Amino acid sequence: MTTETQNLEQIPGVGPNTAEKLVQAGYLNFEIIATATPAELYESVEIGEATARKVINWCRQTSGLSTESEGGDADEAMKQRNLEIEDIPGVGPTTADKLRESGFLTIESIATATSANLAEAAEIGESTAKKMIKWCREQADIGGFRTGTEVFEQRLKVKKLTTLVPDLDELLGGGFESQAITELYGEFGSGKSQIVHQMVVNVQLPEELGGLGGSAIYVDTENTFRPERIEQMVRGLEIEDANVEDFLANIHVARAQTSDHQMLLIENAHELAQELKAKGKPLKLVIVDSLTGLFRSEYAGRGTLAERQQKLNRHMHDIFKLCDEYNAIGLVTNQVMSNPAVFFGDPTKPIGGNIVGHTATFRIYLRKSKGGKRIMRLVDSPNLPEGEATFMVEEGGIRSC
Ligand SMILES: Nc1ncnc2c1ncn2[C@@H]1O[C@H](COP(=O)(O)OP(=O)(O)O)[C@@H](O)[C@H]1O
Ligand SMILES: [Mg+2]
């Protein structure tokens, strides 16, 4: 064991006073602290026993003396263990409550927070917040550069949710992707809401039937969610023991009244997502129908455009974070108006323009065609060719032509 003195303020939850007391009591470095018992530590430096335990654990990990696992790789064991926010060094029950109230429910959510946001949420100093974020990033493996191999491994987790319409699935490279947002834009009546209704049904199917065995969140801003449509679509699956009640129970609908309310619903969805995970019906689909409707009506004047775009940008990032964290699929709709007053350029430009376009991973344009046919056009995708496919909306759901 070394007797070299280390800067103990590096330990999350240890400020200058505690650090000084530790040194005075002979706890000169991480290695010495790592071998202490919580009782010894809290007696000599007057910190709570829970804090003492966290300080010891941190020092054990840092100095490679972790006793968390027998024989195995300690780091791996830490990652596999489900860490709670109480496990963060320096976080007691009060801070944990404050964090939860502000929507920080997981290690990952703190790892991706800004120190200013976290400091405000937990009513802690910014330097403490920084230490917490650093610790969470290490645990959650979030932060710096990742190798191509790691990115590839993350991509392997991507799930595809099938539309069950073969041509559409082919266009989409197998279905709508998780860890991504797909924007469906098109005129009124082009089939945006029909598709998202179909997907909240499909996502609940077991994987062998093209679903993900999960549940869905449906943020409804135009009051167009219809349980009757879900019922028709469930019957349309023609699965003998499909129970409509069960399908409805796994769709969590929230009617947004204002754009701020809409944003809040997504910010607060982490709590519900945790519950769904615990219930064995993990969140696999996040719908916002329509993404832009309320924003458009509330921010009507020219002067408010910048603010609207800024809020939309934040909202899109919140949706993305939710989908990334739970490996869920994000589907947002965006209405466009064919505007005869526009003589130049595309008269059917989606609302939100660049902001939505840059944040959405996939963009899909829907339009009506002859004989009740509808055309789905893949406009923008990082890994798929542009293209079109057709479908119909029938009583039983979306179908091949
Ligand atoms: N039960 C049904 N059977 C057949 N077609 C339907 C049914 N319900 C809705 N539709 C079709 O879907 C269209 C509405 O599409 P929708 O997805 O709500 O449009 P939007 O793109 O505005 O969200 C209707 O005009 C109708 O053609
Ligand atoms: Mg609609």
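Me: Which residues are around ligand 1?
Reply: This is a predicted model, where local features need pLDDT of at least 70, side-chain atom pairs count only at pLDDT 80 or more, and totals for chains, interfaces and linings use all residues. Residues are numbered from 1 along each chain as its sequence is written, with chains lettered from A and ligands numbered from 1 in the order in which they are written. Counting a residue as near when its C-beta atom, placed from the backbone, lies within 6 Å of the molecule, the shell is G186, F188, G189, S190, G191, K192, S193, Q194, Q232, V393, E394 and E395.

Me: Which element gives the largest share of the shell around ligand 1?
Reply: Helices (H or I, at least four residues) and strands (E, at least two) are DSSP runs, numbered from the N terminus. Two elements give two or more residues to this shell, α12 (192–202) and β10 (387–394). The largest share, three residues, comes from α12.

Me: Is M199 buried or exposed?
Reply: M199 sits in helix α12. A residue is buried with 20 or more other C-beta atoms within 10 Å of its own, exposed with 12 or fewer, and partly exposed in between, with C-beta atoms placed from the backbone. M199 has 28 such neighbours, so it counts as buried.

Me: Which residues is E388 in contact with, leaving aside neighbours within four places in sequence?
Reply: E388 belongs to strand β10. Contact means that the C-beta atoms of two residues, placed from the backbone, lie within 7 Å. By that rule, E388 is in contact with I375, M376 and R377.
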